[in-house]
Amino acid sequence: MKTSQKITIFIASCLIIIFFGLRVSGALDAITLLNIKAQVDLLRSFVHDHYYLAVLFFILFYTVIAALALPLASLATVTGGFLFGTALGALYTNVGATIGASIIFLLVRYSLGESIQQRYALALAKFNNRFEQQGAVFLLVARLIVIFPYFLVNMLAGLTQVPFWTFVWTTSVGILPASLAYTFAGQQLQKIDALQDIFTPRMMLAFAAIACLLLIPMLFSYLKNNRNGNHETI
């Protein structure tokens with residue numbers, strides 16, 4: 001058995017154990033907006049007294065959330081904004097989310113992606129060529145405007161030949177606007193009654209504007225390639 005396969009099995013086993021541990025212990029049901037708001041003084045005290053340990057716990061927790069696709073990401077991001085502020089909360093969220101997404105990407109790539117690419121090499125040749133040229137655009141757009149669920153993007157990307165570091169930076173950049181929005185809202189944690197209150201029409205319009213700004217450089221690159229004779233569509 002290859003080393004990559006052994007590592008894949010080990011990580012997958014750890015994730016399964018963690019998931020069942022959280023489920024059986026009832027921790028997943030206990031992590032709610034109401035419970036967090038009830039423990040704000042305790043959480044603030046812990047961050048004040050053990051800042052770096054709190055940052056480490058938060059990043060590890062978010063990594064698990066992202067890897068297991070648990071429905072706690074929004075709540076965790078809001079809490080991060082409350083505990084660490086908008087900028088640092090978004091940074092720590094981004095690190096944890098990117099690591100978690102990368103774990104699933106690599107698990108899929110080494111458990112399924114490589115074998116699928118080898119078995120259907122001829123059939124996938126044209127797709128791989130197109131994705132090599134425009135894969136970053138696809139991934140970035142998928143993150144920014146949430147075309148597909150977060151975990152599904154991680155898995156589908158693992159089946160392609162997109163470079164690992166392309167996946168990492170598109171994930172990090174693509175989730176940044178939402179991270180900033182949630183951590184900013186988190187500074188007013190006590191005034192939030194439901195996470196749905198965060199996404200107002202004005203906030204959604206801001207997301208669309210940010211997405212357009214981030215995609216402009218890639219659009220120019222695409223148009224430039226077309227002028228040079230490459231008429232492939234995105």
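**Exercise 1.** In which loop does A69 lie? State also whether A69 is buried, partly exposed or exposed.

*Solution.* The model is predicted: local features need pLDDT of at least 70, side-chain atom pairs count only at pLDDT 80 or more, and totals for chains, interfaces and linings use all residues. Residues are numbered from 1 along each chain as its sequence is written, and side-chain values use heavy atoms, without hydrogens and water.

Step 1. A69 is found in the loop between α5 (51-68) and α6 (73-84). Helices are DSSP runs of H or I with at least four residues, numbered from the N terminus.

Step 2. The relative accessible area of A69 is 39%, so A69 is partly exposed (buried is under 20%, exposed over 50%, partly exposed in between, with a 1.4 Å probe and protein chains only).

Step 3. A69 has a phi near 55 degrees, a positive value in a residue other than glycine.

**Exercise 2.** Describe how α6 and α11 cross.

*Solution.*

Step 1. The axes of α6 and helix α11 (residues 176-186) come within 6 Å and cross at roughly 55 degrees. Axes are lines fitted to C-alpha atoms over the stretch in contact, and angles run from 0 to 180 degrees between N-to-C directions.

Step 2. That angle makes α6 oblique to α11 (under 35 degrees is roughly parallel, over 145 roughly antiparallel, 65 to 115 roughly perpendicular, the rest oblique).

Step 3. Contact, meaning heavy atoms within 4.5 Å, is made by S74, T77, V78, G81 and F82 of α6 with S179, Y182, T183 and G186 of α11.

Terms used. Helix = DSSP H or I, 4+ residues; strand = E, 2+ residues; numbered from the N terminus.
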